[in-house]
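Keep the structure in view and follow along.

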Amino acid sequence: MATSTSPDSSMPAELAAPYGNGPAAQAAGTPAAPAAASATAPPAGHEPGGRKPVAKIRTHHLRQAKLNGERFAMLTAYDQYTAEIFDQAGIEVLLVGDSASNNVFGNETSLPVTVDELLPLCRAVTRSAKRALVVADLPFGSYEVSAQQAVATGVRFLKEGLAHAVKIEGGKFYTETVRAMVQAGIPVMAHIGFTPQSEHALGGYRVQGRGDDAQRLIDDAVALADAGAFCVLMEMVPAATAAAVDAAVDVPTIGIGAGNATTGQVLVWQDMAGLRGGRMAKFVKQYADLRTSLSDAAKAYGEDVRSGQFPGPEHSF
């Protein structure tokens with residue numbers, strides 16, 4: 001994603017914050033955090049030809065990426081260390097997902113997690129990510145009652161959770177909700193297709209937007225983008241439908257199980273890195289096997305403790 005990491009020529013450069021020592025103010029006097037080097041690409045935040053890096057990813061960088069035919073990556077993050085690692089690796093967007101419900105808190109689904117449980121996770125991620133755009137999920141029950149409820153919850157996530165934007169699930173029914181939140185100064189990412197918070201209403205984990213149902217998703221995306229959503233995330237949607245949705249809206253799209261035509265892609269980090277066991281969804285690609293690595297390390301530690309090899313003289317005062 002070249003555009004997301006280089007200044008947008010269509011708008012003035014971001015200035016230092018006029019108060020305090022916020023991200024822009026820090027960027028004015030402090031270089032961006034170093035990123036992992038790649039043999040085939042410059043470090044994240046640096047462009048070919050030495051163009052000036054961007055200190056913070058903003059929503060307009062994602063939009064510019066779509067305009068330029070470029071792509072960006074998004075991962076979930078729920079704690080200090082993953083946020084720091086992914087941020088330094090150049091991941092442009094971090095999602096403090098309600099997926100914490102079944103990836104942190106041990107629930108079977110995303111439904112039980114609460115606002116009060118997600119806010120501390122959001123603060124940890126936002127405090128640790130120096131460059132990535134941090135988006136927080138509004139959990140089930142925190143925005144459906146009314147636009148006023150959604151605004152109040154969104155305010156909490158920006159004010160107490162320090163998030164940069166929020167995500168809500170649902171189609172064009174929520175256009176007025178999105179409009180109210182955007183008018184209140186809350187950037188909103190829309191989530192359509194399979195929406196996990198509605199799994200019972202949808203009859204379980206089912207692909208959405210097949211055949212004639214594709215038009216429904218196109219209409220949802222257009223309505224939500226017109227209401228002010230800065231991005232549309234699609235989950236478990238046929239690739240052809242996702243491509244049609246992407247073509248119908250000016251805002252960037254993000255896919256998870258939605259093919260390769262979207263501007264961005266997102267995965268739950270425990271799936272991506274192989275920490276979670278059990279059957280993986282078809283759309284998951286595992287880039288590591290952290291579950292085996294951690295298991296082997298724990299076994300080795302336990303054996304050393306039981307045998308008396310740890311701690312050794314070198315670990316003692």
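Helices here (H or I, at least four residues) and strands (E, at least two) are DSSP runs, numbered from the N terminus. This is a predicted model, where local features need pLDDT of at least 70 and side-chain atom pairs count only at pLDDT 80 or more, while totals for chains, interfaces and linings use all residues. Residues are numbered from 1 along each chain as its sequence is written, and side-chain values use heavy atoms, with hydrogens and water left out.

How do H6 and H7 sit against each other? The axes of H6 (residues 147–159) and H7 (residues 175–183) come within 9 Å and cross at roughly 40°, so H6 is oblique to H7. Axes are lines fitted to C-alpha atoms, for helices over the stretch in contact, and angles run from 0 to 180 degrees between N-to-C directions. Angles under 35 degrees count as roughly parallel, over 145 as roughly antiparallel, 65 to 115 as roughly perpendicular and the rest as oblique. On the H6 side, Ala147, Ala150, Val151 and Gly154 meet Glu176, Thr177, Ala180 and Met181 of H7; contact means heavy atoms within 4.5 Å. Five residues of this contact are nonpolar, two polar and one charged. In this scheme, Ala, Val, Leu, Ile, Met, Phe, Trp, Tyr, Cys and Pro count as nonpolar, Asp, Glu, Lys and Arg as charged, and the others, Gly among them, as polar.

H6 has another partner, helix H5 (residues 115–128): their axes come within 9 Å and cross at roughly 30°, so H5 is roughly parallel to H6. Here Val115, Asp116, Leu118, Leu119 and Cys122 of H5 touch Thr153, Arg156 and Phe157 of H6.

H5 in turn meets helix H3 (residues 80–88), with axes that come within 8 Å and cross at roughly 35°. H3 passes H5 in a right-handed crossing. Gln80, Ala83, Glu84 and Asp87 in H3 meet Ala124, Val125 and Ser128 in H5, a contact with three nonpolar, two polar and two charged residues.

Next come two backbone details. Leu162, in the loop between H6 and S4, has a positive phi of about 65° although it is not a glycine. Further along, the peptide bond from Phe310 to Pro311 is cis, with omega near 0°, and Pro311 is found in the segment after helix H12 (290–307).

One more stop: which residue classes line the largest pocket? Its lining has 16 nonpolar, nine polar and twelve charged residues.

Notes: A crossing is left-handed if the near helix is turned anticlockwise from the far one by less than a right angle, and right-handed if clockwise.
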